[in-house]
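Subject: Structure handover and notes

Dear colleague,

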Amino acid sequence: MTDGKNGPRWVTETLHEEGGLRTSYRADRVLFEEGTEHQHLVIFDNPTFGRMMTLDGATQVTERDEFVYHEMMTHVPVLAHGNVKKLLIIGGGDGGILREAARHKGIEKITMVEIDPAVTDFSKSHLPMISAGAFGDPRLELVFADGSKFVEGEGETYDVIIVDSTDPVGPGAVLFEESFYRNARGRLTEGGIMVTQNGVPFLQPAELASTISKFHRLFKVCSCYLATIPTYVGGPMAMGIGTDDEFAKAVTVEALEHRFAAAGFKTRYYTPEVHKAAFALPAYVREIVDAA
Ligand code: SAM
């Protein structure tokens, strides 16, 4: 970040060091900047994206475009499943996935396992619009722990597991390891669905390939779906999905429309048509998935 003494302050995110690619955001107001026990956290205001949060220099969430990511990470697995009672969020400290999950009144219990209490604390105080009060939902069990440790061994099982992690650096790296995926899979109910954030395949093909190759060994059905999130530069972002349930993959638009109407809330990005279309992969992404 520039110090702002000689003009405006800019927060620069290195997207691809070897590829010579950085993105800068003007920080008109820096609300918080500090090293937490786990990572470097900055919260600031940008005229285009509103309030933004970065962790270790990588954009995690912005006020203006977060709806795309949170709706697609949540409603795709929940509505593909069709009868989610228990949902596990790994990471997700800002509360955006929690907010979207809480809109499904049929979900009886939401467990969220976040490694860094500071992310949750500062999101609550500086980004309250992201969680929109969902931290107060009586169905929430909030655990501060390493998600990879949480899923080790026997324990409660879940219909959907959403891995809302940082990229595979720092504390988030363990959430891309096969042992984590295997343990998490062991915590799915029969027909359960797991989704992961896998970066932007145009810039980070290895991130998607790595998860899909592991999912191939663990799940009967695996693929990825796409969503375009403006702050994740370089084209659409990939979300990995693994399940043993062929029906979840084959779910029709009509079935999704029925489930979405029954859920009874409005979205800004997710629609049943977008849900189905998100699985149509451009050839360069299909190649990554097929080669994995
Ligand atoms: N949407 C963001 C993105 O991909 O740019 C990611 C969202 S952010 C909420 C990811 C969260 O994962 C952070 O709050 C971080 O603290 C948490 N996290 C990182 N490693 C973790 C781990 N091992 N266990 C649980 N949470 C972790």
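Strand β7 (residues 86–91) is joined by 5 bridges to strand β8 (residues 109–114), and the two run parallel; strands here are DSSP runs of E of at least two residues and helices are runs of H or I of at least four, numbered from the N terminus, while two strands count as paired if DSSP finds at least two bridges between them. Within this pairing, I90 has V113 of β8 as its bridge partner. Between β7 and β8 the chain passes through helix α2 (residues 96–102), a β-α-β crossover that is right-handed, meaning that, with the strands pointing away from the viewer, the path from the first strand over the helix to the second runs clockwise.

The model is predicted, so local features need pLDDT of at least 70 and side-chain atom pairs count only at pLDDT 80 or more, whereas totals for chains, interfaces and linings use all residues. Residues are numbered from 1 along each chain as its sequence is written.

Strand β7 is also joined by 5 bridges to strand β10 (residues 158–164), again in parallel, with L88 opposite I161. Because 6 of the 6 residues of β7 are buried, this strand is largely enclosed by the rest of the structure (buried: 20 or more other C-beta atoms within 10 Å of a residue's own, with C-beta atoms placed from the backbone).

Best regards

Terms used:
Buried ≥ 20, exposed ≤ 12 C-beta atoms within 10 Å, placed from the backbone.
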